[in-house]
Amino acid sequence: MIPRYARPEMTEIWDPATKFRIWYEIEAHACDAQAELGVIPKENAEAVWKAKDVEFDVARIDEIEAVTKHDVIAFLTHLAEHVGSDEARFVHQGMTSSDVLDTCLNIQLVRAADILIADMDKLLAALKKRALEHKDTVRVGRSHGIHAEPTTMGLTFARFYAEMDRNRNRLEKARYEVATGAISGAVGTFANIDPFVEEHVCEKLGLRPEPISTQVIPRDRHAMFFATLGVIASSIENVAVEIRHMQRTEVLEGAEFFSMGQKGSSAMPHKKNPVLTENLTGLARLVRMTVVPAMENVALWHERDISHSSVERGIGPDATVTLDFALNRLAGVVDKMIIYPDNMLENMNKFPGLVMSQRVLLALTQAGVSREDAYAMVQRNALKVWEERLDFRELLLADDEVVAALGVDGINEKFDMGYHTKHVDTIFKRVFGES
């Protein structure tokens with residue numbers, strides 16, 4: 001985790017102190033279940049809760065691990081220092097390390113998902129606000145980076161809203177899928193621990209029992225989780241790239257907010273660079289690079305190995321912390337983004353009337369001209385607009401074949417901008433459920 005791109009609420013989830021607190025709760029709840037079954041004395045289970053307010057000493061656990069070379073044993077040794085060796089002798093009864101590690105990891109991922117879902121709600125609110133604000137703000141749509149036909153800035157924000165809304169749904173499903181716990185013992189057979197213990201621990205910690213574990217929780221769950229984060233990161237980049245294009249000097253249809261005292265360049269005082277959205281493109285790459293390792297973690301030897309462990313120690317914090325930061329940054333960019341409606345119209349009119357070419361083409365075919373001839377008639381005039389910056393409508397009005405087919409009024413009628421925005425309300429109702 002890089003502090004520059006981290007927010008405290010998310011980083012706290014991955015703090016060693018948080019991890020050891022979760023380990024403790026898993027062990028303590030397991031003891032309660034064992035006592036209820038009569039496997040261990042009730043007083044021993046109760047004794048474990050003496051440590052409920054203890055702040056576990058991370059440095060001390062690291063010191064013990066330096067000798068034991070085993071993190072869970074080091075923690076259990078430290079726990080016994082607080083509870084008492086005799087009282088703690090039944091802690092971890094019938095369990096294996098993966099019961100603690102895997103259940104803890106899934107708790108951390110669930111908590112991270114809850115933060116990310118809240119982040120997405122913030123971003124969705126910003127996108128919706130800007131979409132409604134600019135529902136009728138006309139701008140040129142582009143394909144291949146080239147002027148195509150008119151659209152609105154509101155539709156641009158609306159499509160990003162719809163994409164992020166799909167991502168939110170994906171994240172909710174990924175959260176559900178990873179919200180399982182396993183307290184099934186060595187190779188997952190429950191030979192040394194009753195399934196009731198797993199059910200009890202999971203209920204207490206907000207998880208579902210893993211239907212079948214093999215000493216570890218199946219990693220296809222985690223692969224799906226990280227893949228979802230990767231898709232969300234790609235959508236962040238999708239929005240960021242659009243904003244970066246809009247801020248180009250020769251486009252300037254929108255721009256990131258430039259705060260008082262902000263400097264754009266160490267060399268050129270005039271610069272206003274899209275640094276936030278460029279940064280988001282980079283952060284998206286960092287999140288996506290965790291996806292393939294998560295998928296490679298699915299294939300483990302037999303009932304378990306630990307080839308996945310070192311990977312998850314890195315990608316768990318890195319992906320969630322980075323995505324949390326990125327979602328919040330994007331929400332701020334969208335909320336404060338400056339829009340230039342006049343520049344949008346100016347850009348559209350750089351090649352006067354050219355964006356109406358398809359409507360003229362269709363009108364000619366409706367008037368009885370073959371599509372091939374209609375295309376040639378429109379294109380020969382359109383190319384003059386490209387090459388000489390002439391007015392497309394004026395060229396059409398001077399073209400005898402086009403006038404013969406459509407008439408002067410018919411040509412003029414094809415340049416009504418409202419034609420391209422007449423279904424905006426319909427689209428908005430589909431996206432937002434309202435007009």
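**Domain 1 against domain 2**

Modeller: The C-alpha centres of domain 1 and domain 2 are 30 Å apart, with the bounds taken from an automatic or database domain assignment. This is a predicted model, where local features need pLDDT of at least 70, side-chain atom pairs count only at pLDDT 80 or more, and totals for chains, interfaces and linings use all residues. Residues are numbered from 1 along each chain as its sequence is written, and side-chain values use heavy atoms, leaving out hydrogens and water.

Biologist: How many residues does the contact take from domain 1 and from domain 2?

Modeller: Domain 1 gives 29 residues and domain 2 gives 36, contact being heavy atoms within 4.5 Å.

Biologist: And how much area do domain 1 and domain 2 bury between them?

Modeller: About 2900 Å², with 72% of it on carbon and sulfur atoms. That's the accessible area (1.4 Å probe) the two parts lose on being put together, summed over both.

Biologist: Which three residues supply 25% of the area that domain 1 buries against domain 2?

Modeller: Y5, M10 and W14, more than any other three residues.

Biologist: Switching to charges: what's the count of salt bridges between domain 1 and domain 2?

Modeller: Three, each a side-chain nitrogen of Lys or Arg within 4 Å of a carboxyl oxygen of Asp or Glu. Elsewhere in the list of pairs, the side chains of R7 and D324 form a salt bridge at 3.0 Å, N to O.

Biologist: Where do the domain bounds fall?

Modeller: Domain 1 is 1–93, domain 2 is 96–344 and domain 3 is 354–414.
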